[in-house]
Amino acid sequence: YAVLHHPAYREKYELNLKREFPRLPFYEDFWQWAEWGRQLMELHLNYESVKPYPLERRDQEYESLSLAEKDAKDKLSHSSTPKATLKADKLKNAIILDSVTSLHGVQPLAWEYRLGNRSALEWVLDQYNEKTPKDPTIREKFNTYRFADYKEQVIDLLLRVCAVSVRTMEIIR
């Protein structure tokens, strides 16, 4: 499991891994690799019980908004829920959840742990983002998901995935 996460192995056998079962080399320090693999597997299988990463949650208060922002918010006040954004801001090491809430202090290392072509954090954001189906019947009858209903669970998941991502990259390095 550790070998499959090793950056040099993944780069060298990138094309092979897309087409066939992985072939693993035998390393002299096998037991060290086995221990790293055990740690990674335990971390990845039990991600829901990992201690959440201490990101700083910032909830923007209405009073601190500028006049233009208040006008925009008042226009949206027909729906009492903030507009879901779910975006990663890697330059500011932050995650913007909606027009009110953001998480700050994401370690740059957390963005490096990737599931396919994007980071694990970006994958979670994409999975929980609100999507509008093109088919009008489906949109009308079955499109009941609202991010606001799951906001606290998604925040908890993001804190845990951030912790798993940082720890995974520490083990891999």
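Two strands are taken to pair if DSSP finds at least two bridges between them, strands (E, at least two residues) and helices (H or I, at least four) being DSSP runs numbered from the N terminus. The structure is a predicted model, in which local features need pLDDT of at least 70 and side-chain atom pairs count only at pLDDT 80 or more, whereas totals for chains, interfaces and linings use all residues. Residues are numbered from 1 along each chain as its sequence is written, and side-chain values use heavy atoms, with hydrogens and water left out.

The chain contains nine helices and six strands. Strand S3 (residues 94-98) pairs with S4 in the antiparallel sense over three bridges, Ile95 standing opposite Leu103 of S4, and the two strands form a hairpin with two residues between them. S4 (residues 101-104) is also joined by four bridges to strand S1 (residues 56-59), again running antiparallel, and here His104 is the bridge partner of Glu56. Thr101 and Leu103 point one way from S4, Ser102 and His104 point the other way, and all are buried, that is, under 20% relative accessible area with a 1.4 Å probe, counting protein chains only.

Among the helices, H4 (residues 30-45) and H9 (residues 147-172) pack at an angle of about 170 degrees with their axes 10 Å apart, the axes being lines fitted to C-alpha atoms over the stretch in contact and the angles running from 0 to 180 degrees between N-to-C directions. H4 and H9 are therefore roughly antiparallel to each other, a term applied to angles over 145 degrees. Their contact (heavy atoms within 4.5 Å) involves Trp36, Gln39, Leu40, Leu43 and His44 of H4 together with Val164, Arg167, Thr168 and Ile171 of H9.

Note on methods
Parallel < 35°, antiparallel > 145°, perpendicular 65-115°, else oblique. Buried < 20%, exposed > 50% of the residue type's maximum accessible area, 1.4 Å probe, protein only.
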